[in-house]
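Here is a brief report on side-chain packing.

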Amino acid sequence: QVQLVESGGGLVQAGGSLRLSCVASQRTFNTAIIGWFRQAPGKEREFVGHIAWALGIPYYIDSVKGRFTISRDNAKNTVYLQMNSLTLEDTGVYYCAGRAGGTQEYNYWGQGTQVTVSS
């Protein structure tokens, strides 16, 4: 069973930066793709972007392009989410999740880490 553990959340002022980490207990076929999601208070969970361990090419939703960067360190089984120019709308619980390549369903989830952006 793959475990994913996020860290790095916290309180930051608008315009600031945070870097989240997602450490995987192992890299497997079923977690070939690591995605980042977020859930704001009172809203549905939203996909933010993903990266594949193998190719390392990230994908982002439009609202975070140019501000967020997803990268991975295969030697450390860690995926990062660097968040810059944070806005109040970026507040929420951030989750990393894993899925197999060629599928759309994320079956492995971390516990989440809180990001709060203040004015």
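## Nonpolar cores

In this predicted model, the largest nonpolar core holds 26 residues. Leu4, Trp36, Phe68, Val79, Leu81 and Met83 have the most contacts inside it. Strands S3 (18-24), S4 (33-39), S5 (46-52), S7 (68-73), S8, S9 (92-99) and S11 (113-118) each give two or more residues to this core. S3 supplies the largest share, four residues.

Phe68 touches residues beyond four places away in sequence, among them Val48, Tyr60, Leu81, Met83 and Tyr94. A second, separate core has six residues, including Ile33, Ala52, Tyr95 and Ala97.

## Aromatic pairs

The count of aromatic pairs is six. Phe47 and Tyr59 are stacked, 6.1 Å centre to centre with 25 degrees between the planes. Phe47 sits in S5 and Tyr59 in S6 (residues 59-60), so this pair ties together parts 12 residues apart in sequence. Phe47 is partly exposed at 23%, and Tyr59 is partly exposed at 43%.

Tyr95 and Trp109 are edge-to-face, because their planes stand at 80 degrees, with ring centres 6.4 Å apart. Tyr95 is buried at 18%; Trp109 is partly exposed at 31%. Ring pairs link Phe37, Phe47, Tyr59, Tyr95, Tyr106 and Trp109 into a cluster.

## Charges over rings

Arg45 lies over the face of Trp109, 3.9 Å from the ring centre. Arg27 lies over the face of Trp53, at 5.5 Å.

## Thr78

Thr78 belongs to strand S8 (residues 78-83). Thr78 counts as buried because its relative accessibility is 5%, under the 20% cut-off. A polar side-chain atom of Thr78 lies 2.8 Å from the backbone oxygen of Lys76. Beyond four places in sequence, Thr78 contacts residues including Cys22, Val23, Trp53 and Arg72.

Technical notes: Residues are numbered from 1 along each chain as its sequence is written. This is a predicted model: local features need pLDDT of at least 70, side-chain atom pairs count only at pLDDT 80 or more; totals for chains, interfaces and linings use all residues. Side-chain values use heavy atoms; hydrogens and water are left out. Buried means under 20% relative accessible area, exposed over 50%, partly exposed in between (1.4 Å probe, protein chains only). A polar contact is a pair of N or O atoms within 3.5 Å; within protein, one must be able to donate a hydrogen and the other to accept it, and residues adjacent in sequence count only if both atoms are side-chain atoms. Contact means heavy atoms within 4.5 Å. A nonpolar core is a set of buried Ala, Val, Leu, Ile, Met, Phe, Trp, Tyr and Cys residues joined through side-chain atoms within 4.5 Å. Rings of Phe, Tyr and Trp (its six-membered ring) pair if their centres lie within 6.5 Å; planes under 30 degrees apart count as stacked, over 60 as edge-to-face and the rest as tilted. A charge sits over a ring if NZ of Lys or CZ of Arg is within 6 Å of the ring centre and within 35 degrees of the ring normal.
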